[in-house]
Amino acid sequence: MKTKKTSSVPRTKPAEVRLDELMDAAQHLFITKGIESTTVSEIVRDAQVAKGTFYHYFPSKNEMLSALRERFTQIFIERIQQSVDNCPSNDSIARLRAWCDAGIAAYFDGMDVHDALYHDHHYPTRSNKDRDAVVEQILTILNDGSACGAWKLANPRLTAIIMYHGMHGAVDDAMASDQDEKNKLSHQLTEEFLRLISPVHP
């Protein structure tokens, strides 16, 4: 008599998969409806989980929003860092160009998510850990460049903040431009940044 094979497929999804699906459902709703208009009931409906599952991971919708921002920033930074790390460690200008190229591409590719997660929200303080994480990334490139003599900066953190907001503002402005102008943006912005930091030429 043949024995019935037992399925190797788990009856329940792993916790990390369920969490990702829950966050993906919320992110999609935040993009299409806006944060304020989206309810927890709609999130769990689209994620096909019980409401108790939502509250197992997040005390509130605002806590989920914070987690989505953190995920967005992590993906954003990792994508840029991969491009930067592909450049020689002693070629500071190439690493700066890579940061600018990858950063602009990541902004354009993730604009709908970025706008949904950030433009609907007012920070209660001047502090912004997501912004600071990106500033720290460019600050590392600037400090490494100073250490190897590529440029000299009186206030590296201020320069990093200017670059962060300069890129952010330039991408926002370029969204209303045609594709040809968008394609030029990375080169043009990098040249402006290089003028700002005045690289030391051999």
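Predicted model: local features only at pLDDT ≥ 70, side-chain atom pairs only at ≥ 80, totals over all residues.
Residues are numbered from 1 along each chain as its sequence is written, and side-chain values use heavy atoms, with hydrogens and water left out. The chain has nine helices and zero strands, both taken as DSSP runs numbered from the N terminus (helices are H or I, at least four residues; strands are E, at least two).

**Overall picture**
- Of the chain's 202 residues, 40% are buried, where buried means under 20% relative accessible area, exposed over 50% and partly exposed in between (1.4 Å probe, protein chains only).
- Among contacts (heavy atoms within 4.5 Å) with a separation of 6 or more, 67% are between residues 24 or more positions apart.
- The chain's accessible surface is about 12200 Å², and 52% of that belongs to carbon and sulfur atoms.

**Helices H1 and H4**
- The axes of H1 (residues 15-33) and H4 (residues 61-85) come within 10 Å and cross at roughly 95°; axes here are lines fitted to C-alpha atoms over the stretch in contact, with angles from 0 to 180 degrees between N-to-C directions.
- That makes H1 and H4 roughly perpendicular to each other, a label covering 65 to 115 degrees.
- Residues making the contact include Leu-22, Met-23 and Phe-30 of H1, and Met-64, Leu-65 and Arg-71 of H4.
- By type, the residues of this contact split into eight nonpolar, one polar and four charged.

**Salt bridges**
- The structure holds 11 of them, each a side-chain nitrogen of Lys or Arg within 4 Å of a carboxyl oxygen of Asp or Glu.
- Arg-97 pairs with Glu-191, with the closest N and O atoms 3.0 Å apart.
- Arg-97 sits in H5 and Glu-191 in H9 (residues 179-197), so this bridge ties together parts 94 residues apart in sequence.
- Arg-97 is partly exposed at 31% relative accessibility, and Glu-191 is partly exposed at 23%.
- Arg-95 bridges to Asp-85 at 3.7 Å between the closest N and O atoms, linking H5 (residues 92-109) with H4.
- Arg-95 is buried at 14%, while Asp-85 is partly exposed at 46%.
- Arg-131, Asp-132, Glu-136 and Arg-157 join up in a network of salt bridges.

**A loop residue with positive phi**
- Gln-48, in the loop between H2 (40-47) and H3 (51-57), has phi near 60°, a positive value in a residue other than glycine.
- Gln-48 is exposed, with a relative accessible area of 72%.

Methods
Areas by Shrake-Rupley, 256 points an atom, 1.4 Å probe, with all protein chains shown as cover. Parallel < 35°, antiparallel > 145°, perpendicular 65-115°, else oblique. Nonpolar A, V, L, I, M, F, W, Y, C, P; charged D, E, K, R; others polar.
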